[in-house]
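Let's take a walk through this model, starting with its charged pairs and ending at a site listed in a database record. Keep the 3D view open as you read.

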Amino acid sequence: MAQTQLQAAREGTVTPAMERVAERENRDPEFVREQVADGQAVIPANHNHDTLDPMIIGREFATKVNANIGNSETTSDLETELEKLHTAVHYGADTVMDLGTGSDLDEIREAHVAHSPVPLGTVPLYEAVKQAGRPEDITKDLLLEIIEKQAEQGVDYMTIHAGILAEHLPLTDGRKTGIVSRGGSIMASWMEAHGEQNPLYQVFPEICEIFAEHDVTFSLGDSLRPGCLADACDDAQYAELDTLGELTRVGWDHGVQVMVEGPGHVPMHKVAENVERQQEVCDGAPFYVLGPLVTDVAPGYDHITSAIGAAMAAQAGAAMLCYVTPKEHLGLPEEEDVRDGLAAYRIAAHAADVGTERPGARDWDDALSEARYAFDWREQFALALDPDRARSFHDQTLPGDNYKEARFCSMCGAEFCSMRIDQDARADGEMDALADNETDLETSPAAEVNRPPVGTHASGDLPPMADHDGVDRPAEAGDD
Ligand code: SF4
(Lines give C-alpha, C1' and ligand atoms only; values in the text may rest on other atoms or scores of the structure.)
Protein backbone atom coordinates (compact mmCIF):
# COMPACT_ATOMS: atom_id res chain seq x y z
CA MET A 1 0.00 0.00 0.00
CA ALA A 2 1.33 3.44 -0.91
CA GLN A 3 2.31 5.55 2.05
CA THR A 4 0.66 8.73 3.21
CA GLN A 5 2.75 11.89 3.23
CA LEU A 6 2.75 11.61 7.03
CA GLN A 7 4.02 8.02 7.03
CA ALA A 8 6.74 8.83 4.50
CA ALA A 9 7.80 11.91 6.45
CA ARG A 10 8.03 9.95 9.69
CA GLU A 11 10.32 7.44 7.94
CA GLY A 12 12.59 10.27 6.87
CA THR A 13 11.57 10.26 3.19
CA VAL A 14 11.28 13.55 1.30
CA THR A 15 8.54 12.79 -1.25
CA PRO A 16 8.17 14.50 -4.65
CA ALA A 17 5.19 16.40 -3.17
CA MET A 18 7.42 17.70 -0.36
CA GLU A 19 10.05 18.74 -2.92
CA ARG A 20 7.41 20.62 -4.89
CA VAL A 21 5.94 22.48 -1.92
CA ALA A 22 9.44 23.34 -0.73
CA GLU A 23 10.03 24.96 -4.12
CA ARG A 24 6.74 26.86 -3.97
CA GLU A 25 7.38 28.05 -0.41
CA ASN A 26 11.09 28.77 -0.89
CA ARG A 27 11.89 26.47 2.03
CA ASP A 28 14.26 23.60 2.67
CA PRO A 29 12.65 20.23 1.72
CA GLU A 30 13.92 18.75 4.98
CA PHE A 31 12.05 21.44 6.93
CA VAL A 32 8.88 20.56 5.02
CA ARG A 33 9.38 16.88 5.87
CA GLU A 34 9.86 17.64 9.57
CA GLN A 35 6.71 19.77 9.71
CA VAL A 36 4.65 17.03 8.04
CA ALA A 37 6.19 14.30 10.24
CA ASP A 38 5.27 16.26 13.37
CA GLY A 39 1.68 16.83 12.18
CA GLN A 40 2.30 20.60 12.12
CA ALA A 41 1.55 20.80 8.39
CA VAL A 42 -0.40 18.79 5.84
CA ILE A 43 -0.01 18.19 2.11
CA PRO A 44 -3.48 17.07 0.97
CA ALA A 45 -2.65 14.81 -1.98
CA ASN A 46 -4.83 11.79 -2.68
CA HIS A 47 -2.89 9.05 -4.52
CA ASN A 48 -5.59 9.18 -7.24
CA HIS A 49 -5.45 12.95 -7.91
CA ASP A 50 -3.15 13.00 -10.94
CA THR A 51 -3.61 16.65 -11.95
CA LEU A 52 -2.66 17.99 -8.52
CA ASP A 53 0.08 20.56 -8.04
CA PRO A 54 0.82 19.88 -4.35
CA MET A 55 0.66 22.61 -1.73
CA ILE A 56 1.17 22.71 2.01
CA ILE A 57 -0.97 23.99 4.88
CA GLY A 58 0.73 24.81 8.16
CA ARG A 59 1.41 27.81 10.38
CA GLU A 60 5.09 27.90 9.36
CA PHE A 61 4.15 28.37 5.71
CA ALA A 62 2.38 31.07 3.70
CA THR A 63 -1.28 31.41 4.67
CA LYS A 64 -3.60 29.56 2.31
CA VAL A 65 -7.14 30.32 1.14
CA ASN A 66 -9.97 27.92 0.38
CA ALA A 67 -12.96 28.65 -1.85
CA ASN A 68 -16.22 26.71 -1.71
CA ILE A 69 -18.01 25.80 -4.92
CA GLY A 70 -20.70 23.26 -5.78
CA ASN A 71 -24.22 23.04 -7.03
CA SER A 72 -27.50 23.16 -5.12
CA GLU A 73 -30.92 21.65 -5.72
CA THR A 74 -31.76 24.41 -8.18
CA THR A 75 -28.47 24.68 -10.09
CA SER A 76 -26.38 23.63 -12.18
CA ASP A 77 -24.59 21.55 -14.84
CA LEU A 78 -21.14 20.06 -15.28
CA GLU A 79 -19.84 22.84 -17.50
CA THR A 80 -20.96 25.49 -15.02
CA GLU A 81 -19.31 23.63 -12.16
CA LEU A 82 -16.02 23.44 -14.05
CA GLU A 83 -16.28 27.16 -14.81
CA LYS A 84 -16.68 27.78 -11.06
CA LEU A 85 -13.58 25.72 -10.40
CA HIS A 86 -11.66 27.77 -12.96
CA THR A 87 -12.92 31.03 -11.47
CA ALA A 88 -11.81 29.97 -7.99
CA VAL A 89 -8.35 28.92 -9.19
CA HIS A 90 -7.99 32.05 -11.34
CA TYR A 91 -8.68 34.35 -8.40
CA GLY A 92 -6.21 32.58 -6.18
CA ALA A 93 -7.86 29.73 -4.28
CA ASP A 94 -5.21 27.38 -2.88
CA THR A 95 -7.81 24.66 -2.28
CA VAL A 96 -11.39 24.22 -3.38
CA MET A 97 -14.22 22.49 -1.56
CA ASP A 98 -17.02 20.97 -3.61
CA LEU A 99 -20.06 21.36 -1.36
CA GLY A 100 -22.49 20.24 -4.05
CA THR A 101 -25.88 18.99 -2.93
CA GLY A 102 -27.66 18.93 -6.30
CA SER A 103 -27.71 16.34 -9.06
CA ASP A 104 -24.89 14.44 -10.84
CA LEU A 105 -22.64 14.65 -7.78
CA ASP A 106 -20.36 11.77 -8.85
CA GLU A 107 -19.91 13.07 -12.38
CA ILE A 108 -19.12 16.58 -11.16
CA ARG A 109 -16.75 15.38 -8.42
CA GLU A 110 -14.85 13.15 -10.83
CA ALA A 111 -14.56 16.05 -13.29
CA HIS A 112 -13.30 18.34 -10.54
CA VAL A 113 -10.60 15.84 -9.57
CA ALA A 114 -9.69 15.26 -13.22
CA HIS A 115 -9.19 18.98 -13.87
CA SER A 116 -8.20 20.56 -10.58
CA PRO A 117 -4.59 21.62 -10.01
CA VAL A 118 -5.46 22.44 -6.37
CA PRO A 119 -6.47 20.04 -3.60
CA LEU A 120 -10.16 19.22 -3.63
CA GLY A 121 -12.18 18.88 -0.43
CA THR A 122 -15.68 17.52 0.18
CA VAL A 123 -18.20 16.94 2.99
CA PRO A 124 -19.33 13.33 2.44
CA LEU A 125 -22.14 13.73 4.98
CA TYR A 126 -24.05 15.87 2.47
CA GLU A 127 -24.14 13.05 -0.06
CA ALA A 128 -25.19 10.64 2.70
CA VAL A 129 -28.21 12.80 3.53
CA LYS A 130 -29.09 13.07 -0.12
CA GLN A 131 -29.01 9.31 -0.56
CA ALA A 132 -30.76 8.52 2.71
CA GLY A 133 -33.46 11.15 2.20
CA ARG A 134 -33.55 12.24 5.87
CA PRO A 135 -30.74 12.73 8.43
CA GLU A 136 -32.17 10.06 10.73
CA ASP A 137 -32.11 7.47 7.92
CA ILE A 138 -28.33 7.68 7.52
CA THR A 139 -26.52 4.48 8.54
CA LYS A 140 -22.90 3.89 9.52
CA ASP A 141 -22.48 1.58 6.53
CA LEU A 142 -23.77 4.29 4.19
CA LEU A 143 -21.34 6.83 5.64
CA LEU A 144 -18.37 4.48 5.17
CA GLU A 145 -19.51 3.52 1.68
CA ILE A 146 -19.69 7.16 0.55
CA ILE A 147 -16.42 8.11 2.23
CA GLU A 148 -14.65 5.19 0.56
CA LYS A 149 -16.15 6.03 -2.85
CA GLN A 150 -15.07 9.68 -2.62
CA ALA A 151 -11.59 8.61 -1.47
CA GLU A 152 -11.32 6.32 -4.51
CA GLN A 153 -12.47 9.20 -6.73
CA GLY A 154 -9.41 11.19 -5.63
CA VAL A 155 -10.75 13.69 -3.09
CA ASP A 156 -7.77 15.14 -1.20
CA TYR A 157 -9.42 16.13 2.08
CA MET A 158 -12.81 15.61 3.69
CA THR A 159 -14.67 17.43 6.41
CA ILE A 160 -15.73 14.82 8.94
CA HIS A 161 -18.19 15.97 11.61
CA ALA A 162 -17.09 13.42 14.21
CA GLY A 163 -16.38 15.86 17.05
CA ILE A 164 -19.95 16.71 18.03
CA LEU A 165 -21.01 14.23 20.71
CA ALA A 166 -24.37 13.46 22.31
CA GLU A 167 -23.20 14.93 25.60
CA HIS A 168 -22.42 18.25 23.87
CA LEU A 169 -25.97 18.86 22.66
CA PRO A 170 -27.44 20.22 25.93
CA LEU A 171 -24.62 22.77 25.99
CA THR A 172 -26.18 24.48 22.97
CA ASP A 173 -29.54 25.06 24.67
CA GLY A 174 -28.81 28.63 25.78
CA ARG A 175 -27.40 29.77 22.47
CA LYS A 176 -28.84 32.57 20.39
CA THR A 177 -28.40 30.71 17.09
CA GLY A 178 -28.19 27.04 18.07
CA ILE A 179 -26.18 24.80 15.74
CA VAL A 180 -25.33 26.59 12.48
CA SER A 181 -23.01 24.05 10.88
CA ARG A 182 -24.93 22.06 8.27
CA GLY A 183 -23.05 18.88 9.17
CA GLY A 184 -23.45 19.61 12.87
CA SER A 185 -27.22 20.05 12.61
CA ILE A 186 -27.50 16.78 10.64
CA MET A 187 -25.47 14.83 13.21
CA ALA A 188 -27.38 16.38 16.12
CA SER A 189 -30.66 15.44 14.48
CA TRP A 190 -29.42 11.85 13.98
CA MET A 191 -28.33 11.54 17.62
CA GLU A 192 -31.65 12.92 18.90
CA ALA A 193 -33.59 10.48 16.70
CA HIS A 194 -31.52 7.39 17.62
CA GLY A 195 -30.48 8.18 21.19
CA GLU A 196 -26.99 7.04 20.20
CA GLN A 197 -23.52 8.54 19.92
CA ASN A 198 -22.47 10.34 16.71
CA PRO A 199 -22.10 7.63 14.03
CA LEU A 200 -19.03 9.33 12.53
CA TYR A 201 -17.38 9.19 15.95
CA GLN A 202 -18.34 5.52 16.26
CA VAL A 203 -16.73 4.56 12.92
CA PHE A 204 -13.81 6.98 13.16
CA PRO A 205 -11.13 4.21 13.20
CA GLU A 206 -12.63 2.70 10.03
CA ILE A 207 -12.58 6.14 8.37
CA CYS A 208 -8.90 6.43 9.35
CA GLU A 209 -8.15 3.15 7.57
CA ILE A 210 -9.82 4.39 4.36
CA PHE A 211 -7.97 7.72 4.59
CA ALA A 212 -4.63 5.98 5.18
CA GLU A 213 -5.12 3.80 2.09
CA HIS A 214 -5.70 6.76 -0.25
CA ASP A 215 -3.91 9.52 1.70
CA VAL A 216 -7.02 11.59 2.31
CA THR A 217 -6.43 14.36 4.86
CA PHE A 218 -8.88 14.92 7.69
CA SER A 219 -10.48 18.30 8.00
CA LEU A 220 -12.14 17.77 11.36
CA GLY A 221 -15.41 19.69 11.21
CA ASP A 222 -16.37 22.22 13.87
CA SER A 223 -20.02 21.28 14.12
CA LEU A 224 -20.58 23.49 17.16
CA ARG A 225 -18.95 26.62 15.83
CA PRO A 226 -20.66 29.79 17.02
CA GLY A 227 -23.15 31.29 14.58
CA CYS A 228 -23.09 34.70 16.22
CA LEU A 229 -20.85 36.76 18.48
CA ALA A 230 -22.95 35.94 21.54
CA ASP A 231 -22.26 32.21 21.16
CA ALA A 232 -18.49 32.52 20.59
CA CYS A 233 -16.16 30.61 22.92
CA ASP A 234 -19.00 28.95 24.81
CA ASP A 235 -18.91 25.56 26.54
CA ALA A 236 -20.34 23.78 23.49
CA GLN A 237 -17.65 25.10 21.14
CA TYR A 238 -14.80 24.27 23.48
CA ALA A 239 -16.20 20.85 24.48
CA GLU A 240 -16.20 19.87 20.81
CA LEU A 241 -12.70 21.26 20.40
CA ASP A 242 -11.48 18.88 23.12
CA THR A 243 -12.95 15.97 21.13
CA LEU A 244 -11.27 17.27 17.97
CA GLY A 245 -7.97 17.17 19.85
CA GLU A 246 -8.62 13.53 20.77
CA LEU A 247 -9.54 12.68 17.15
CA THR A 248 -6.43 14.46 15.84
CA ARG A 249 -4.28 12.04 17.78
CA VAL A 250 -6.34 9.04 16.60
CA GLY A 251 -5.81 10.14 12.99
CA TRP A 252 -2.08 10.56 13.55
CA ASP A 253 -1.91 7.10 15.15
CA HIS A 254 -3.26 5.72 11.87
CA GLY A 255 -0.69 7.64 9.81
CA VAL A 256 -3.33 10.07 8.50
CA GLN A 257 -2.79 13.79 8.03
CA VAL A 258 -5.10 16.04 10.06
CA MET A 259 -6.21 19.64 10.04
CA VAL A 260 -8.91 21.09 12.26
CA GLU A 261 -11.71 23.48 11.34
CA GLY A 262 -12.61 26.53 13.40
CA PRO A 263 -15.20 29.26 13.85
CA GLY A 264 -17.37 31.04 12.70
CA HIS A 265 -18.43 34.29 14.40
CA VAL A 266 -15.95 35.62 16.99
CA PRO A 267 -15.48 39.17 18.33
CA MET A 268 -12.06 40.66 17.61
CA HIS A 269 -10.79 40.43 21.16
CA LYS A 270 -11.35 36.66 21.22
CA VAL A 271 -9.92 35.66 17.83
CA ALA A 272 -6.36 35.03 19.01
CA GLU A 273 -7.67 33.13 22.06
CA ASN A 274 -9.47 30.73 19.69
CA VAL A 275 -6.37 30.05 17.65
CA GLU A 276 -4.11 29.60 20.66
CA ARG A 277 -6.56 27.23 22.33
CA GLN A 278 -6.90 25.11 19.17
CA GLN A 279 -3.15 24.92 18.75
CA GLU A 280 -2.76 23.75 22.34
CA VAL A 281 -5.64 21.26 22.39
CA CYS A 282 -4.79 19.79 18.96
CA ASP A 283 -1.01 19.67 19.46
CA GLY A 284 -0.30 22.17 16.68
CA ALA A 285 -2.37 20.50 13.93
CA PRO A 286 -3.07 23.11 11.20
CA PHE A 287 -6.08 25.31 11.96
CA TYR A 288 -8.45 25.97 9.06
CA VAL A 289 -10.85 28.79 9.93
CA LEU A 290 -14.06 30.07 8.41
CA GLY A 291 -13.60 33.81 8.75
CA PRO A 292 -14.34 34.41 11.59
CA LEU A 293 -16.88 37.19 11.18
CA VAL A 294 -16.09 39.86 13.77
CA THR A 295 -19.55 41.47 13.71
CA ASP A 296 -23.01 40.18 12.85
CA VAL A 297 -24.51 43.42 11.53
CA ALA A 298 -23.42 43.49 7.89
CA PRO A 299 -25.18 40.90 5.70
CA GLY A 300 -24.17 41.71 2.13
CA TYR A 301 -20.66 42.62 3.29
CA ASP A 302 -19.65 39.49 5.18
CA HIS A 303 -16.60 38.98 2.97
CA ILE A 304 -15.32 42.10 4.78
CA THR A 305 -16.56 41.32 8.32
CA SER A 306 -14.99 37.88 8.04
CA ALA A 307 -11.76 38.89 6.28
CA ILE A 308 -10.96 41.10 9.27
CA GLY A 309 -11.24 38.09 11.58
CA ALA A 310 -9.40 35.88 9.10
CA ALA A 311 -6.41 38.23 8.98
CA MET A 312 -6.29 38.30 12.78
CA ALA A 313 -6.60 34.51 12.98
CA ALA A 314 -3.80 34.02 10.46
CA GLN A 315 -1.57 36.39 12.35
CA ALA A 316 -2.26 34.36 15.50
CA GLY A 317 -1.32 31.10 13.76
CA ALA A 318 -4.25 29.84 11.65
CA ALA A 319 -2.88 28.10 8.54
CA MET A 320 -5.76 28.28 6.08
CA LEU A 321 -8.70 30.65 5.67
CA CYS A 322 -11.99 29.49 4.21
CA TYR A 323 -13.34 32.38 2.21
CA VAL A 324 -16.73 33.99 2.78
CA THR A 325 -18.50 35.82 -0.03
CA PRO A 326 -20.80 38.86 0.09
CA LYS A 327 -23.70 36.40 -0.31
CA GLU A 328 -23.01 34.70 3.04
CA HIS A 329 -26.28 34.16 4.96
CA LEU A 330 -28.20 35.41 1.90
CA GLY A 331 -27.84 33.11 -1.12
CA LEU A 332 -25.67 30.95 -3.36
CA PRO A 333 -22.66 32.97 -4.57
CA GLU A 334 -22.21 33.75 -8.25
CA GLU A 335 -19.00 34.41 -10.13
CA GLU A 336 -18.62 38.04 -9.07
CA ASP A 337 -19.21 37.04 -5.43
CA VAL A 338 -16.50 34.39 -5.72
CA ARG A 339 -14.17 37.04 -7.10
CA ASP A 340 -14.94 39.49 -4.27
CA GLY A 341 -14.67 36.81 -1.61
CA LEU A 342 -11.34 35.56 -2.88
CA ALA A 343 -9.94 39.08 -3.18
CA ALA A 344 -10.92 39.79 0.44
CA TYR A 345 -9.29 36.56 1.60
CA ARG A 346 -6.13 36.88 -0.48
CA ILE A 347 -5.75 40.29 1.12
CA ALA A 348 -6.28 38.83 4.61
CA ALA A 349 -3.78 36.01 3.97
CA HIS A 350 -1.15 38.30 2.47
CA ALA A 351 -1.58 40.95 5.17
CA ALA A 352 -1.05 38.27 7.81
CA ASP A 353 2.03 36.94 6.00
CA VAL A 354 3.45 40.47 5.97
CA GLY A 355 2.47 40.93 9.62
CA THR A 356 4.19 37.72 10.66
CA GLU A 357 7.24 38.70 8.60
CA ARG A 358 7.26 35.69 6.28
CA PRO A 359 10.46 35.88 4.24
CA GLY A 360 10.00 38.26 1.31
CA ALA A 361 6.23 38.59 1.81
CA ARG A 362 6.40 42.41 1.76
CA ASP A 363 8.39 42.55 -1.48
CA TRP A 364 5.16 42.50 -3.48
CA ASP A 365 3.89 45.55 -1.53
CA ASP A 366 7.18 47.34 -2.06
CA ALA A 367 7.21 46.65 -5.80
CA LEU A 368 3.68 47.98 -6.20
CA SER A 369 4.41 51.05 -4.09
CA GLU A 370 7.45 51.85 -6.22
CA ALA A 371 5.35 51.60 -9.39
CA ARG A 372 2.72 53.82 -7.78
CA TYR A 373 5.19 56.53 -6.79
CA ALA A 374 6.76 56.38 -10.26
CA PHE A 375 3.31 56.89 -11.86
CA ASP A 376 3.93 53.67 -13.80
CA TRP A 377 0.23 52.88 -14.11
CA ARG A 378 0.64 49.81 -16.33
CA GLU A 379 3.07 48.25 -13.85
CA GLN A 380 0.77 49.15 -10.97
CA PHE A 381 -2.11 47.34 -12.67
CA ALA A 382 0.06 44.33 -13.49
CA LEU A 383 1.16 44.03 -9.87
CA ALA A 384 -2.32 44.49 -8.44
CA LEU A 385 -4.05 41.62 -6.67
CA ASP A 386 -6.86 41.96 -9.23
CA PRO A 387 -5.31 43.67 -12.28
CA ASP A 388 -8.57 43.80 -14.20
CA ARG A 389 -10.36 45.67 -11.45
CA ALA A 390 -7.52 48.13 -10.84
CA ARG A 391 -7.31 48.95 -14.55
CA SER A 392 -11.04 49.23 -15.06
CA PHE A 393 -11.53 51.51 -12.02
CA HIS A 394 -8.74 53.80 -13.25
CA ASP A 395 -10.06 53.84 -16.79
CA GLN A 396 -13.60 54.71 -15.74
CA THR A 397 -12.53 58.34 -15.44
CA LEU A 398 -9.24 58.53 -17.37
CA PRO A 399 -9.49 55.97 -20.16
CA GLY A 400 -7.03 57.45 -22.66
CA ASP A 401 -3.62 55.92 -23.26
CA ASN A 402 -2.02 59.26 -22.48
CA TYR A 403 -3.22 58.92 -18.88
CA LYS A 404 -1.12 55.79 -18.41
CA GLU A 405 1.89 58.07 -17.91
CA ALA A 406 -0.01 60.87 -16.18
CA ARG A 407 1.40 62.22 -12.89
CA PHE A 408 -2.02 62.17 -11.27
CA CYS A 409 -5.31 60.32 -11.33
CA SER A 410 -8.87 61.52 -10.92
CA MET A 411 -8.89 61.02 -7.16
CA CYS A 412 -7.07 64.25 -6.27
CA GLY A 413 -6.67 65.65 -9.79
CA ALA A 414 -3.55 67.12 -11.41
CA GLU A 415 -3.36 70.21 -9.25
CA PHE A 416 -3.66 68.44 -5.89
CA CYS A 417 -1.79 65.17 -6.60
CA SER A 418 0.33 64.89 -3.45
CA MET A 419 2.86 62.52 -4.97
CA ARG A 420 3.49 64.91 -7.87
CA ILE A 421 3.75 67.88 -5.49
CA ASP A 422 6.15 65.92 -3.28
CA GLN A 423 8.32 64.91 -6.22
CA ASP A 424 8.40 68.42 -7.68
CA ALA A 425 9.41 69.83 -4.31
CA ARG A 426 12.38 67.52 -3.88
CA ALA A 427 15.85 68.72 -4.72
CA ASP A 428 17.61 67.42 -7.84
CA GLY A 429 19.06 63.98 -7.28
CA GLU A 430 16.74 62.89 -4.47
CA MET A 431 14.44 61.03 -6.86
CA ASP A 432 17.41 59.14 -8.31
CA ALA A 433 18.19 57.85 -4.85
CA LEU A 434 14.63 56.58 -4.52
CA ALA A 435 14.81 54.92 -7.95
CA ASP A 436 17.85 52.91 -6.83
CA ASN A 437 15.63 51.24 -4.27
CA GLU A 438 13.77 49.00 -6.73
CA THR A 439 12.45 45.66 -5.57
CA ASP A 440 13.22 42.68 -7.80
CA LEU A 441 10.39 40.18 -7.41
CA GLU A 442 12.29 37.66 -9.54
CA THR A 443 14.83 37.24 -6.78
CA SER A 444 12.40 37.63 -3.85
CA PRO A 445 12.54 34.86 -1.24
CA ALA A 446 8.74 35.10 -0.92
CA ALA A 447 6.54 32.03 -1.23
CA GLU A 448 4.72 31.69 -4.55
CA VAL A 449 1.43 32.93 -3.05
CA ASN A 450 3.13 36.13 -1.89
CA ARG A 451 4.20 37.14 -5.38
CA PRO A 452 2.02 38.23 -8.28
CA PRO A 453 0.13 37.08 -10.22
CA VAL A 454 -2.60 35.75 -7.98
CA GLY A 455 -3.81 32.37 -9.19
CA THR A 456 -0.52 30.72 -10.00
CA HIS A 457 -1.82 27.32 -10.96
CA ALA A 458 -1.92 26.03 -14.50
CA SER A 459 -5.54 26.00 -15.61
CA GLY A 460 -5.27 24.96 -19.25
CA ASP A 461 -7.32 21.84 -18.56
CA LEU A 462 -10.31 23.86 -17.48
CA PRO A 463 -13.02 25.36 -19.67
CA PRO A 464 -12.75 29.15 -19.95
CA MET A 465 -14.26 31.38 -17.32
CA ALA A 466 -17.20 33.57 -18.12
CA ASP A 467 -16.22 37.10 -19.25
CA HIS A 468 -16.13 39.77 -16.60
CA ASP A 469 -15.85 43.56 -16.84
CA GLY A 470 -15.54 43.26 -20.61
CA VAL A 471 -11.79 43.40 -20.01
CA ASP A 472 -9.39 40.82 -21.36
CA ARG A 473 -7.82 39.03 -18.47
CA PRO A 474 -4.10 38.35 -18.46
CA ALA A 475 -2.99 34.91 -19.59
CA GLU A 476 -2.47 32.33 -16.85
CA ALA A 477 0.17 29.69 -16.71
CA GLY A 478 -1.15 26.82 -18.80
CA ASP A 479 -3.87 28.82 -20.57
CA ASP A 480 -4.41 27.87 -24.18
S1 SF4 B 1 -3.97 62.10 -7.69
FE2 SF4 B 1 -3.96 61.44 -5.54
S3 SF4 B 1 -4.59 59.26 -5.64
FE4 SF4 B 1 -4.04 59.88 -7.72
S5 SF4 B 1 -1.88 59.36 -7.94
FE6 SF4 B 1 -1.88 61.48 -7.20
S7 SF4 B 1 -1.80 61.29 -4.97
FE8 SF4 B 1 -2.36 59.27 -5.74
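Predicted model: local features only at pLDDT ≥ 70, side-chain atom pairs only at ≥ 80, totals over all residues.

A salt bridge here is a side-chain nitrogen of Lys or Arg within 4 Å of a carboxyl oxygen of Asp or Glu. Residues are numbered from 1 along each chain as its sequence is written, and side-chain values use heavy atoms, with hydrogens and water left out.

Take Arg389 and Glu336, whose side chains meet in a salt bridge at 2.9 Å, N to O. Arg389 sits in helix 17 and Glu336 in helix 14 (residues 335-355), so this pair links distant parts of the chain, 53 residues apart (helices, H or I, of at least four residues, and strands, E, of at least two, are DSSP runs numbered from the N terminus). Arg389 has a relative accessible area of 24% and is therefore partly exposed, and Glu336, at 32%, also counts as partly exposed. For these labels, buried means under 20% relative accessible area, exposed means over 50%, and partly exposed is in between (1.4 Å probe, protein chains only).

Now try Arg175 and Asp234, a salt bridge with its closest N and O atoms 2.7 Å apart. Arg175 is in the loop between strand 6 (157-160) and helix 8 (182-194), and Asp234 is in the loop between strand 7 (217-220) and helix 11 (235-253), which puts the partners 59 residues apart. Both Arg175 and Asp234 are buried.

Arg378 and Glu405 pair up too, with 3.0 Å between the closest N and O atoms. Because Arg378 lies in helix 16 (residues 377-383) and Glu405 in the loop between helix 17 and helix 18, the pair ties together parts that are 27 residues apart in sequence. Arg378 is partly exposed at 41% relative accessibility, whereas Glu405 is exposed at 54%.

How many salt bridges are there by this rule? The count comes to 33. Some join into a network: Arg20, Glu23, Arg24, Asp53 and Glu448 are linked this way.

Last stop, the database record. An unreviewed UniProt entry lists Cys409, Cys412 and Cys417 under "binding site"; the positions use the numbering given here, feature names are shortened, and annotations may be inferred rather than shown by experiment. Cys409 is in the loop between helix 17 (387-397) and helix 18 (413-416), and Cys412 is in the loop between helix 17 and helix 18 as well. Cys409 is partly exposed at 24% relative accessibility, and Cys412 is partly exposed at 42%. Leaving out residues up to four places away in sequence, Cys409 touches Trp377, His394 and Leu398 (contact means heavy atoms within 4.5 Å).
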